[in-house]
Amino acid sequence: MNTPAGTEGYGEAAEQLAVQYESVSFTEVHRDLHHLYPAPPASVLDVGAGTGRDAAALAALGHRVVAEPTPELRSVGERLHAGSGVRWIADALPGLPRLVAEGERYDLVLLTAVWMHLAPAERPPAMAALSRLLAPAGRLALTLRHGPVPAGRRMFDLPPEPTVALAADHGLRLLHRAARPDLHGRGGVHWTALLFERSAQPLSRAPAVR
């Protein structure tokens, strides 16, 4: 599997990034959305899971958790969170073909600090895949980074509105939106947290106008 361009810069820095990721807690990162996550035991997917910090925390709460990080971070996460009960999987946005093919549907999907790495053309197929992976009434928690782009990374500073509109096109309605400063104190960096819910019914589309 070829490494997607959006993950460039992460593999070679996995050990350093692990220190950064593990220096903040699941509770701190998800404080604006956690009260809207389903109660355990729920089926949870963490896409772009990093070191598995959040996946392990959710597993400890009693959820059934699948984590999809980059290969290098997966190796670190399996070591740091051995025995957590997390199931680690290799896949890749935008299509997440292995997860989609497995056919499991999730009550909660996390996309923490991931969406802004996707190029504009990658976002529609990514949102389609995420919607397919959600169970009816399942929830998608997504965060967007705003501010300077680190050297060696592919990242897009996009406002929340296009993502909200794209989610709506795939049957996901916005339940909650929040803003927070950067937990690592990086100058000019701030975040938007978005929580969506999938329709409990199949998405119906109006017929095309000809």
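In this predicted model, Asp-182 and Arg-186 are joined by a salt bridge whose closest N and O atoms lie 2.7 Å apart.

The structure holds nine salt bridges, and three of them are set out here.

| Salt bridge | N to O distance |
|---|---|
| Asp-182 with Arg-186 | 2.7 Å |
| Arg-154 with Glu-122 | 2.5 Å |
| Arg-87 with Glu-104 | 4.0 Å |

The side chains of Arg-154 and Glu-122 meet in a salt bridge at 2.5 Å, N to O. This pair links distant parts of the chain, with Arg-154 in the loop between strand S5 (134-146) and helix H7 (160-169) and Glu-122 in the loop between S4 and helix H6 (123-133), 32 residues apart.

In the salt bridge between Arg-87 and Glu-104, the closest N and O atoms are 4.0 Å apart. Here too distant parts of the chain are linked, since Arg-87 belongs to strand S3 (residues 87-88) while Glu-104 sits in the loop between helix H5 (97-102) and strand S4 (106-111), 17 residues apart. Arg-87 is partly exposed, with a relative accessible area of 33%, and Glu-104 is likewise partly exposed, at 31%. Both residues also take part in a network of salt bridges that links Arg-87, Arg-98, Glu-102 and Glu-104.

Terms used
Residues are numbered from 1 along each chain as its sequence is written. This is a predicted model: local features need pLDDT of at least 70, side-chain atom pairs count only at pLDDT 80 or more; totals for chains, interfaces and linings use all residues. Side-chain values use heavy atoms; hydrogens and water are left out. Helices (H or I, at least four residues) and strands (E, at least two) are DSSP runs, numbered from the N terminus. Buried means under 20% relative accessible area, exposed over 50%, partly exposed in between (1.4 Å probe, protein chains only).
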